[in-house]
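Trainee: Could we go through this structure together, one question at a time?
Mentor: Happy to, let's have a look.

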Amino acid sequence: MSTKSIKIHLMITLLLVGLFITPFGTAMAETSQPWMNKSLTANERTALLLEHMTLEQKVQFITGNLNNYYGFYNEEMQELGIPALKMADGPAGVRIANPDIQDKKSTALPAPIALAATWDINAAKEYGELLGNEAFNTTHNILLGPGLDIARFPWGERNFESLGEDPLLQSKLAIPYVNGVQSYPVMATAKHWLLNNQETERFTINSIASERTLHELYARPFAEVIEHADLSSVMCSFNQVNGVNACESEAVLTTLLKDQLNFNGFVMSDYGANHTTVESANAGLDLETPGEPNGYWGSQLITAVEEGKVSEARIDDMATRILTEMFSKGLFDQPAGNNPLPVEEHGQIARELAEQSMVLMKNENNALPLDEDALDSIAVIGPDADNASAAGGGSSMVNPTYTVSPLEGIKNKVGEDVEVSYAPGSDPISAGDILPGPSAVPSSLLSPIDGDQNGLTAEYWNNINFEGEPSLVRTDNQVNLNLGFYNYEGFNAQSPKLETTPGDFNSEMSARWTGQFIVPETGDYTLSLSSLGTGKLYINDTLVIDNESKKLTTSKKTLSFVKGEKPDVRIEYSTGDSGGQQDFGGMIRFGWEAPTNVVDEKIQEAVELAKKSDVAVVVTRTYDSEGYVDNSSLDLPNNQAQLIKEVAKANPNTVVVQMSGRAVQMDTWDDEVPAIVQAWFPGQEQGNAIANVLFGEVNPSGKLPITFPVNEDRTPVSNENQFPGVNGESDYSEGIFVGYKGYEKEGIKPAYAFGHGLSYTTFDYRNVKAKAQRKGKDKDLTLSVDLNLRNTGDVAGAEVVQVYAGALPTNVETPTKQLAGFKKVELKPGKQERVKIELDPKAFSYWDEDKGEWVTPKGEVPIYVGSSSEDIQLKTTITIK
Ligand code: BGC
């Protein structure tokens, strides 16, 4: 059919639809429900609908309902034609709560921190579009993402859900992410508003920060998506902000968000974060998400209105804000459906995003890329290298449509001519590894009461006093347990190699582990218990550690043992009444610090494999999750640092691939290996993406969106007033000097700087020119930098050119380096490009607390252009007039 005849055909069809269907269908609905008329604006439709709503209906609409689809939907209001709000968690994929929808499976994307490492606006758009598409086609119309919490310190357990430590990088990626999601009839939700930067005491912590810190740093990514991406919704957080619960703070919800940042969308509470009726309603909360047990709105809010404590105008405002967004984003006109996802196509997008996110941290003597033709054998080593579960846990955990493990990916890549063998090298990583304290005693040194398996005999009770017969008896490979929230079905990203613990032990419980410790070498061993509640360690029936606390604490005891001894071990643990409070469950780890000559059996097996292989690829991982703990130790869990060192000693061609959502401490092993790839949590296609980078099919171009410190003591957030806080208060006394800005201010040299990332090629920077102009009738400041970039190596590659503004010409203290702009540029070998980068005027301004506005000081500002915040290639200045 020609284009013309298609048009005629379409016109006839429309006419017929108009003649026969409209009178009995849509038109009828439009008369009785005039807000269904699509030709009206969202505001007009909202006003018409609101007129028809009783107070009861409005309150029903703005109150979440726990009984509906796992608490993630509110009620559809058929009589008014209002579709249910169906929410799905993000931000790393669409987490489906309803088991009737596609087996709860969707595409597991690389974690948001990996997206941030792409420094690529197009990648963020693709990421957002995929989320919008999958939310829409799995019946959802609200996506609970992106996460715009600044990664304030390197051990933050939700850093993997964030877009890094810099507000400009976050903003530049969040805008296309939100636009991508909202290109479908799906509303994006920026979370968590505000100062939600730690998991320790997350429901109660009082985060204290100055106005300037809020405007310049923590509120900034939210402000940008409000201004540039027509954001529908914001989720207020569990914590307090400057003394008031975020979801009940007028200063936070109304003054800052709605008045100063001009947010016209609606605010929903984090799940269970609303604790009041009148206060939250008057403060500016617009939607109470399903709370526990029944929430505080609903009938209680109606009573408050009737008693005059909350005005009906405020209720109208809440409903108006939500309805306007629903109309303008198409939720009334294009209902979300349940349509099969294009699994392969979306899997390929997940792979490409993961490939772009990987950061080549070091590459001495061009150890990478590996040359398949020059290799006969590869040892793949690592506790979870043979499965593809390296994702963050908690509410962002996605049930992937399929997975590719690093081992599979490498095998697929090299074909049959290269022998690929596997050794785990340590016990699997689990939610227990989030707990603080020394690594868990390896299973190979534990023997149960009976049976040939390594580990200890475990007995579990559903009561706190070991009463009656245990309800579960099994062998646990290690004592490294983290139940409650961390053990809910669907929230658990631990190795499938580990047995799961039934959910009925998730609140109050007790357990006993019995067996022997097999002493591998003569020497002093520091044994430890990290636990919440009461943990007792008996060696040969003598109590050696009694760790009783309502907080998670570690106690240690150093004992001397002789090689071959097998002392009896008994550990008795009870949550006491700590279990079950606010989702806390049993938390206990039996840890150790062993003499340096002790190398456990699993490490020895890995070493043997590495010795007889041409190359060893050690795939490490951490366990990161939303929950109740931020473990401020940056050590790799389960003795993986020792594993790397021993393998590297056995084979100098040892490459480390690190799967973590946050920084890890590398100082004890970094010098021992020639190459390190930071792979983040790479999503379901992780194995193929890793293999493509290792073998050079993909030239790495990722750059760090967070600073990697040398260790946890050498960071700008280093005193306990700042983290975890004292007496329930976390003081953001570092102000705006977070991440690289803080390292520079304090003169702390990091292990790997913000913005760092190598390539298999090299780039030459030249001829920089910076320009500042005032344009238009408002004399808006436009700033830019031009430079020549050349690919001076032999392969094509992409470089992220970064521009930093120096200290501003004012007495107010400003950062000595602040990201002002960046651009990812792809170049063929030998090719050159004149690169133009627009700079953000906010990098040349500060928030003046007295004036309550942004101020741009006049004068000269140093400009640094480089391939990281540390590796500055060109310098110039810009003069602001
Ligand atoms: C998290 C939110 C999430 C919500 C619903 C909360 O625990 O903080 O990010 O959207 O749960 O799962």
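**Ligand, sheets and helices**

Mentor: Let's start at the ligand: a polar side-chain atom of H192 is 2.7 Å away from one of its oxygen atoms. Keep in mind that this is a predicted model.

Trainee: How much of the ligand does the protein bury?
Mentor: Begin with the ligand taken alone, which exposes 310 Å².

Trainee: How far is a polar side-chain atom of D89 from an oxygen atom of the ligand?
Mentor: There are 14 residues around the ligand, and D89, R158, H192, D270 and E626 come nearest. For D270, a polar side-chain atom lies 2.7 Å from a ligand oxygen atom. For D89, the distance from such an atom to an oxygen atom of the ligand is 2.3 Å.

Trainee: Good, now the disulfide. Which residues form it?
Mentor: The structure holds 1 disulfide, and a pair of cysteine sulfur atoms has to lie within 2.5 Å to count as one. Here the sulfur atoms are 2.1 Å apart, and the residues are C236 and C247.

Trainee: Where in the chain do these two cysteines sit?
Mentor: The pair links distant parts of the chain, 11 residues apart. C236 belongs to strand β5 (residues 233-236), while C247 is in the loop between β7 (244-245) and α10 (250-260).

Trainee: Is the link of C236 and C247 right-handed or left-handed?
Mentor: Both C236 and C247 are buried, so to speak of handedness we turn to the angle about the S-S bond. That angle is 110°, and the link is right-handed.

Trainee: What is the bridge partner of M235 in β8?
Mentor: β5 and β8 pair in the parallel sense, over 4 bridges. From strand β8 (residues 266-269), F266 and M268 point one way and V267 and S269 the other way, and all are buried. The bridge partner of M235 in that strand is M268.

Trainee: Which strands stand at the edges of the open sheet of 4 strands?
Mentor: The order in this sheet is β7-β6-β4-β24, with mixed pairing. An edge strand here has a single partner strand, so one of its sides is left without a neighbour in the sheet. The strands at the edges are β7 and β24 (729-731).

Trainee: Why is helix α17 largely enclosed by the rest of the structure, and what do its buried residues pack against?
Mentor: In α17 (residues 640-650), 8 of the 11 residues are buried, so the helix is largely enclosed. Among those buried are Q640, L643, I644 and V647. The buried residues pack against β10 (377-381), α16 (601-611), β21 (615-621) and β22 (654-659).

Trainee: Last one: with which side chain does the side chain of E355 make a polar contact?
Mentor: E355 is found in helix α14 (residues 343-357), and E355 is buried, because its relative accessible area is 6% and buried means under 20%. Leaving aside residues up to four places away in sequence, E355 touches N688, A689, N692, V693 and V698. The polar contact, at 2.7 Å, is with the side chain of N692.

Note on methods:
Residues numbered from 1 in each chain as written. Predicted model: local features only at pLDDT ≥ 70, side-chain atom pairs only at ≥ 80, totals over all residues. Heavy atoms only, no water. Buried < 20%, exposed > 50% of the residue type's maximum accessible area, 1.4 Å probe, protein only. Pairing = 2+ DSSP bridges. Contact = heavy atoms within 4.5 Å. Near = heavy atom within 4 Å. Polar contact = N/O pair within 3.5 Å; in protein donor to acceptor, adjacent residues only side chain to side chain. Areas by Shrake-Rupley, 256 points an atom, 1.4 Å probe, with all protein chains shown as cover.
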